[in-house]
Number of protein chains: 2
Amino acid sequence: MSARALPYRPHNHDACVSQALSDARAICQQQSARLTPTRERVLELVWQSHKPLGAYDVLAKLTAEGHNAAPPTVYRALDFLQQHGLVHRIASLNAFIGCAHVGEHHTGMFLICRVCGNVLELTDASVSTAIRNAAGAEVFRAEAVTLEVAGVCPGCQTEPNHE
Amino acid sequence: MSARALPYRPHNHDACVSQALSDARAICQQQSARLTPTRERVLELVWQSHKPLGAYDVLAKLTAEGHNAAPPTVYRALDFLQQHGLVHRIASLNAFIGCAHVGEHHTGMFLICRVCGNVLELTDASVSTAIRNAAGAEVFRAEAVTLEVAGVCPGCQTEPNHE
DNA sequence: TGTGCAACTGTTATAATGTTGCACTTTTTT
DNA sequence: AAAAAAGTGCAACATTATAACAGTTGCACA
Ligand SMILES: [Zn+2]
Ligand SMILES: [Zn+2]
Ligand SMILES: [Zn+2]
Ligand SMILES: [Zn+2]
């Protein structure tokens, strides 16, 4: 898995998308999971940018392109994608974003820019270790970590209205 | 601020509640904020246990005791309490819980037991530091951290149906 | 090649969570 | 006392998510 583009830096985002789709096909093949057309399309829509997309935003895009979709269509696809580690749900935003580390066993940490809306997913061993230790000190068996940091990204610290 | 009881250990929970209320009165006085009867009652309801309470659960309790409340009543009270650091919102549960560290400047870390539903709020310097460093390495200006760990508490690791 | 099962999809309805806007009351300030 | 600010009640509405059930498709296997 090669280095990823930074969300808030100009980059060839089509490369992000096609990489994500090809990763997804590989993962699903390997897990004998069916990446059906609807699921693949939802994944592609979620990857349209590095900004999290709400389930109803996905729904609107599907509807706009003639797909006869209802909320369960979208939520089911998103559930599937989450279960196979292809997208993450950002709890503080009720929105979904493509996973930038598919395949790697990871605990995502999300840096959410409140100005431009872009989200960077990180993996940081010292953060994971510290969390694991803190939970362990309370004899708590940790299973899932939600770690979301809201703030301002490098681009927006200098250019206030970065899009 | 004295040591807190562990949520999942039997304890005199009335002490938790009265401590929370007296802390809240002190904080509000100090900040010239008005802890009105509705706000105080909502805080007390949220503190009824160490399990997070949904806004509509609070609403139902208010209604049950004859208070003529609507959703905005509850959300406004909860907003006020959050702004003054008296309750936290648990994003992964859409629910609210009393803050166990009022007054201390802290970044809460929540250990959420998926069996009994109790939540323990921790503060851990090495976790905060690791998160701050990881964000700093990306030149990201962190403003708010959401850190919620789902898993199984010590009590529920041995007694499966702990209530 | 069919045939049965499991997974997937479409559709309708509904639940759960959260917000807006406005009129009115209470408290604080001047 | 008058004006301003903060708080409350209320109705309507917006957003997010799920339940239930019928129909369809893909796939293993006789
Ligand atoms: Zn990109
Ligand atoms: Zn930004
Ligand atoms: Zn207690
Ligand atoms: Zn427990």
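Modeller: Start with A:R25, which is partly exposed at 40% relative accessibility. Buried means under 20% relative accessible area, exposed over 50%, and partly exposed in between, with a 1.4 Å probe and protein chains only. This is a predicted model, where local features need pLDDT of at least 70, side-chain atom pairs count only at pLDDT 80 or more, and totals for chains, interfaces and linings use all residues. Residues are numbered from 1 along each chain as its sequence is written, chains are lettered from A and ligands numbered from 1 in the order in which they are written, and side-chain values use heavy atoms, without hydrogens and water.

A:R25 pairs with A:E40 in a salt bridge, with the closest N and O atoms 2.8 Å apart. That pair links distant parts of the chain, 15 residues apart: A:R25 is in helix α1 (residues 13-30) and A:E40 in helix α2 (residues 37-46), both of chain A. Helices (H or I, at least four residues) and strands (E, at least two) are DSSP runs, numbered from the N terminus. A salt bridge is a side-chain nitrogen of Lys or Arg within 4 Å of a carboxyl oxygen of Asp or Glu.

Helix α2 of chain A also holds A:R41 and A:E44, 3 residues apart, about one turn. Their side chains form a salt bridge at 3.2 Å, N to O. A:R41 is partly exposed at 25%, and so is A:E44 at 28%. Together with A:E65 they make a salt-bridge network.

Another bridge joins B:E143 to A:R114, with the closest N and O atoms 2.6 Å apart. This pair crosses between chains, from strand β5 (residues 141-152) of chain B to the loop between β3 (109-113) and β4 (119-122) of chain A. B:E143 is partly exposed at 43%, while A:R114 is exposed at 54%. Over all chains, the search finds 8 salt bridges.
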